[in-house]
Amino acid sequence: MNFNPSRDFARQLDTQDELASFRSQFVITNPDLIYLDGNSLGRLPKAAAERVSAAVAEWGSDLIRGWNKRWWDSPTRVGEKIARLVGAGPGQVIVSDSTSVNLYKTVMAAMALHPQRGRIVTDALNFPSDLYVLQGVIRQLSPSTLHGKSRAWGRHQIVRIESQDGDVSPDLDALASAVDENTSLVTLSHVTFKSGYLYEMAAITEMAHRKGALVLWDLCHSVGALPIQLDRCNADFAIGCTYKYLNGGPGSPAFLYVHRDLQEQALSPIWGWWGQKSPFAFDLDYTPAPGIKRFLAGSQPILSMLALEAALDPLLEAGMDRIRCKSVLLTEYLIYLADTLLAPLGFTLGSPRTPDRRGSHVSIRHPEGYRINRALIDEMNVIPDFREPDNIRLGLAPLYTTFGEVWESMDRMRRVVEDRRFEKYPKERLTVT
Ligand SMILES: *Cc1c(COP(=O)(O)O)cnc(C)c1O
């Protein structure tokens, strides 16, 4: 599309937006506040707020009987709803625990499926928590040498592919040559948290399978932002959080996917009663539940679970293809405005230029990025976030971000730099950036 930099053009894009009406399904207390952090914590869907009140009332009236009504089965029931967003047939997705814990469970399961191999391939663009979990797994698998900060203990090791272009995109050739007959598992973020680089899931999965490795995708930054086809891509495992584009609320439980064909051999490393074949038989010995349920451990945060269940409705109603279509237009427009209005002020793009290789957030870089971000939040009513060393990260959530907001945020950012408003902020980082 041929964009132009006027404010009227943004209005025109909003008028033509098929998804515009979805914004009214979210709580918006201050219409002048431009929220560009829906990729970290999604806005509150009105339906989720109502569901939480109702759930609290049920807690009061149903008491323990609530488990038999709608609580006990919620991990699989809500899992099936998420399955529709990630291209998974029934019986393969559950909601439970946190992303980091689900990563641990699925990585341990994958490593046990390939005991003769020892290597995990990942990349430097991955979310640090994912890398820490992998390091812990390697250490646990080779307990005889428990010291040092190395990424290798014994024959188990992590191969981390670096980026060749300042953390915008991965080195795909290095990735392909790193995967070999010693590789147990390839695990990557489908969309990387800093630059928003989008991996080609089908091609990478196929490449790894050709060499006999399993593949685990972290969907945190892609689920709810773009269509995903786990079954069609033959993914082995996937995990993801639900408080970003799925709008489940702070600390809402995460999900995990295990491909149907692996479920009977794969085991969770955490054997809890929720993953037991018949939890209420209270057998003294563990027998894994058939299917995906064996990846449950213990009691789940039901209030958050029910909030999430309601939060998913607007996404299912809008459909992931329409959401992706608007997301691409939003990020293309933002990049156009950044090139036109901000590049002359020293900003550069920290995300891929091709929409095919980009998720729904865009990073723009500036040597004063940290202080500009502070000024945007503290005095310009714009909430992006900051990622080291110099990325201002702008998350565009198609269900509620408008083109007018994109225009306005770029204009406010221009004013922060032109008027040198950032200079009064200290360079020291706040705890949560
Ligand atoms: C947000 C995010 C996480 C979060 O992990 P939690 O256990 O939910 O705190 C993990 N991985 C990636 C890629 C993320 O973007």
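Asn-39 sits in the loop between strand E1 (34-35) and helix H2 (46-62). Helices (H or I, at least four residues) and strands (E, at least two) are DSSP runs, numbered from the N terminus. The structure is a predicted model: local features need pLDDT of at least 70, side-chain atom pairs count only at pLDDT 80 or more, and totals for chains, interfaces and linings use all residues. Residues are numbered from 1 along each chain as its sequence is written, and side-chain values use heavy atoms, with hydrogens and water left out.

Asn-39 is buried, with a relative accessible area of 0%. Buried means under 20% relative accessible area, exposed means over 50%, and partly exposed lies in between (1.4 Å probe, protein chains only). Leaving aside residues up to four places away in sequence, Asn-39 touches His-221, Lys-244, Tyr-245, His-361, Arg-393 and Gly-395. Contact here means heavy atoms within 4.5 Å.

Helix H2 also holds Lys-46. Lys-46 is partly exposed, at a relative accessible area of 39%. Its contacts, not counting residues up to four places away in sequence, are Ser-24, Gln-25, Phe-26 and Val-27. Lys-46 and Glu-181 are 135 residues apart in sequence and 50 Å apart in space, C-alpha to C-alpha.

The ligand was examined next. Ser-98, Thr-99, Ser-100, Phe-127, Asp-130, Ser-189, Asp-218, Cys-220, His-221, Tyr-243 and Lys-244 surround the ligand; each has a heavy atom within 4 Å of it. By class, this shell has three nonpolar, five polar and three charged residues. Ala, Val, Leu, Ile, Met, Phe, Trp, Tyr, Cys and Pro count as nonpolar, Asp, Glu, Lys and Arg as charged, and the others, Gly among them, as polar.

An N or O atom in the side chain of Asp-130 is 3.0 Å from a ligand nitrogen atom. For Lys-244, a polar side-chain atom lies 2.5 Å from a ligand oxygen atom. Taken alone, the ligand exposes 390 Å², and the protein buries 85% of that. These areas come from the Shrake-Rupley method with a 1.4 Å probe.

Asp-218 leads from the ligand shell to strand E7 (residues 214-218). Five of the five residues of E7 are buried, so the strand is largely enclosed by the rest of the structure. In a regular strand the side chains alternate between the two faces of the sheet. From E7, Leu-214, Leu-216 and Asp-218 point one way, and Val-215 and Trp-217 the other way.

Strand E6 (residues 183-189) runs parallel to E7, joined by five bridges. Two strands pair if DSSP finds at least two bridges between them. Ser-189 has Asp-218 as its bridge partner in E7. E7 and E8 also run parallel, with three bridges. Here the partner of Asp-218 is Ile-239. In strand E8 (residues 237-240), Phe-237 and Ile-239 point one way and Ala-238 and Gly-240 the other, and all are buried. E8 pairs with strand E9 (residues 255-258) in the antiparallel sense over four bridges. Gly-240 has Phe-255 as its bridge partner in E9.

A further sheet is open. Its four strands follow the order E10-E11-E14-E13, with antiparallel pairing. The edge strands, E10 (348-349) and E13 (385-387), each pair on one side only. Three bridges join E13 to strand E14 (residues 391-395).

Methods
A polar contact is a pair of N or O atoms within 3.5 Å; within protein, one must be able to donate a hydrogen and the other to accept it, and residues adjacent in sequence count only if both atoms are side-chain atoms.
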